[in-house]
Amino acid sequence: AGRSAAPAITALAPSIKPISRRSLGVIVNFGLYTLLLYTHFSRRWYDGTMWKQLKLGAKVLRLVFESSPKWASFYFVTNGLSSITPAVTLYLGKLTIDAIVAAIRLPNSSNINLIILYAILSFAAEAINSFFSSLAMHGYDVMKDIFAKFAIKKVIEHSADLDLAYFEDPKFHDQLEKVQREIAYRPTAAM
């Protein structure tokens with residue numbers, strides 16, 4: 001009943017080791033998950049919902065930059081710099097491992113000095129990453145506050161132009177309260 005595919009695999013290619021059931025299960029699950037994601041996103045592109053979300057994201061970015069171009073630029077630059085430093089840290093880790101392997105093969109003082117240099121550079125890259133991440137979080141907090149004030153001002157200006165009949169409608173009043181309650185965090189959370 002529970003036959004293994006290993007004899008068939010070894011008969012076809014004797015040099016290939018058979019895959020365990022667990023590994024095969026992981027591979028199959030990964031393939032199914034990838035297929036699911038592909039069909040989900042291709043369907044979303046096809047029916048236009050992804051385009052709608054991209055357009056909405058562009059509108060949000062435009063409003064955020066309109067509210068405070070200086071702080072929005074500050075946030076995006078510091079966030080970009082903090083996202084580059086992990087790649088630098090990873091590369092320095094690779095260089096450190098290469099230097100350790102070289103020091104094991106051929107022990108001399110230049111390899112030890114290189115290992116120490118790479119370790120110091122790795123610590124420096126992590127410190128820079130932490131610094132830029134802190135700056136990005138500060139910029140995000142300031143930008144969020146500025147945007148909340150800007151958006152509330154826009155809502156107030158728009159509601160001042162409306163007729164009084166709108167304010168007597170309970171649905172509109174609930175909508176207005178919901179906008180005022182969620183305006184502080186919803187648009188900046190979309191970034």
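Predicted model: local features only at pLDDT ≥ 70, side-chain atom pairs only at ≥ 80, totals over all residues.
**View A. The salt bridge between Glu-66 and Lys-154.** Glu-66 and Lys-154 form a salt bridge in which the closest N and O atoms are 3.5 Å apart. Because Glu-66 belongs to helix 3 and Lys-154 to helix 5, the pair ties together parts that are 88 residues apart in sequence.

**View B. The salt bridge between Asp-98 and Lys-94.** The count of salt bridges comes to two, and one of them joins Asp-98 to Lys-94, with 2.6 Å between the closest N and O atoms. Both residues lie in helix 4, which spans residues 69-105, and they are four residues apart, about one turn of the helix. Asp-98 is partly exposed, its relative accessible area being 39%, while Lys-94 is partly exposed with a value of 43%.

**View C. A positive surface patch that includes Lys-52.** Lys-52, Lys-55, Lys-59 and Arg-62 together form a positive surface patch. Of these residues, Lys-52 is located in helix 3, which covers residues 49-67. Lys-52 has a relative accessible area of 59% and is therefore exposed, since the class of exposed residues begins over 50%.

**View D. Ser-67 and the backbone of Val-64.** Ser-67 also lies in helix 3, and its side chain reaches the backbone oxygen of Val-64 at 2.7 Å. With a relative accessible area of 15%, Ser-67 is buried, because that class holds residues under 20%.

**View E. Ile-116 and Ala-99.** Ile-116 is part of helix 5, which runs over residues 109-160, and at 45% relative accessibility this residue counts as partly exposed. Between Ile-116 and Ala-99 there are 17 residues of separation in sequence and 9.6 Å in space, taken from C-alpha to C-alpha.

**View F. The protein chain as the setting of the close-ups.** The protein chain contains eight helices and zero strands, so that, read from the N terminus on, its elements follow the order α-α-α-α-α-α-α-α. Of its 191 residues, 23% count as buried.

How values were computed: Residues numbered from 1 in each chain as written. Heavy atoms only, no water. Patch = residues over 30% accessible without salt bridge, like charges linked within 9 Å, V, L, I, M, F, W, Y side chains within 5 Å. Areas by Shrake-Rupley, 256 points an atom, 1.4 Å probe, with all protein chains shown as cover. Salt bridge = Lys/Arg side-chain N within 4 Å of Asp/Glu carboxyl O. Lys, Arg positive; Asp, Glu negative; His and termini not counted. Charge placed at Lys NZ, Arg CZ, Asp CG, Glu CD. Helix = DSSP H or I, 4+ residues; strand = E, 2+ residues; numbered from the N terminus. Buried < 20%, exposed > 50% of the residue type's maximum accessible area, 1.4 Å probe, protein only. Polar contact = N/O pair within 3.5 Å; in protein donor to acceptor, adjacent residues only side chain to side chain.
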